[in-house]
Amino acid sequence: TNLLGGADAVEFISIVNVSALVLAASNTFIVASAGTGGSGSGDIIITADSGARTTIEDAFSYTNASSITSVRPFIGQLGTRVTISGIQLRGGGDRIEDVFLAGALVSQILAQSDTELVVAA
């Protein structure tokens with residue numbers, strides 16, 4: 001694909017009418033961080049430094065923000081079973097890949113849903 005339209009760099013990306021941060025870009029791929037405050041679904045618009053624009057229609061949907069409502073117990077040691085409750089914990093995805101407690105990767109994810117996550121610390 002010709003994402004840059006013959007230009008040298010990406011000047012601007014809009015994801016569902018919200019400015020996105022370009023992390024890496026070439027003619028064949030672009031890595032961007034979606035901006036905050038977006039909602040709904042819509043187009044991705046790429047504007048190159050030449051002024052060339054590429055539009056990908058209906059390419060992205062924002063999900064509601066995730067929220068943790070409780071962590072029980074809130075203190076423990078290696079192997080402690082911890083239950084994390086909240087709203088949309090998977091962030092619109094199919095599963096949670098990694099969980100960190102106090103900066104340490106948990107040893108195992110035991111169960112998960114959009115509202116509850118059980119891990120072994």
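The model is predicted.

Start with the secondary structure. The protein chain has 11 strands and zero helices. Read from the N terminus, the order of elements is β-β-β-β-β-β-β-β-β-β-β. The radius of gyration of the protein chain is 19 Å, while the globule rule gives 14 Å for 121 residues, so the chain is more spread out than a compact globule. The C-alpha trace can also be followed along its principal axes. There it spans about 55 × 25 × 20 Å.

Buried residues make up 27% of the 121 in the protein chain.

Take the contacts in the protein chain with a separation of 6 or more: 41% of them join residues 24 or more positions apart. The chain carries 5 positive and 11 negative charges.

Finally, zoom in on the aromatic rings. The count comes to one aromatic pair. Phe60 and Tyr62 form this pair, with 5.1 Å from centre to centre. Their planes are 80° apart, and the pair is edge-to-face. Are these two residues buried or exposed? Tyr62 has a relative accessible area of 16%, and buried means under 20%, so Tyr62 is buried. Phe60 has 28% relative accessibility, so Phe60 counts as partly exposed.

Methods: Residues numbered from 1 in each chain as written. Predicted model: local features only at pLDDT ≥ 70, side-chain atom pairs only at ≥ 80, totals over all residues. Heavy atoms only, no water. Helix = DSSP H or I, 4+ residues; strand = E, 2+ residues; numbered from the N terminus. Rg over C-alpha atoms; globule rule 2.2 N^0.38 Å. Buried < 20%, exposed > 50% of the residue type's maximum accessible area, 1.4 Å probe, protein only. Contact = heavy atoms within 4.5 Å. Lys, Arg positive; Asp, Glu negative; His and termini not counted. Charge placed at Lys NZ, Arg CZ, Asp CG, Glu CD. Phe/Tyr/Trp six-rings, centres within 6.5 Å; stacked < 30°, edge-to-face > 60°.
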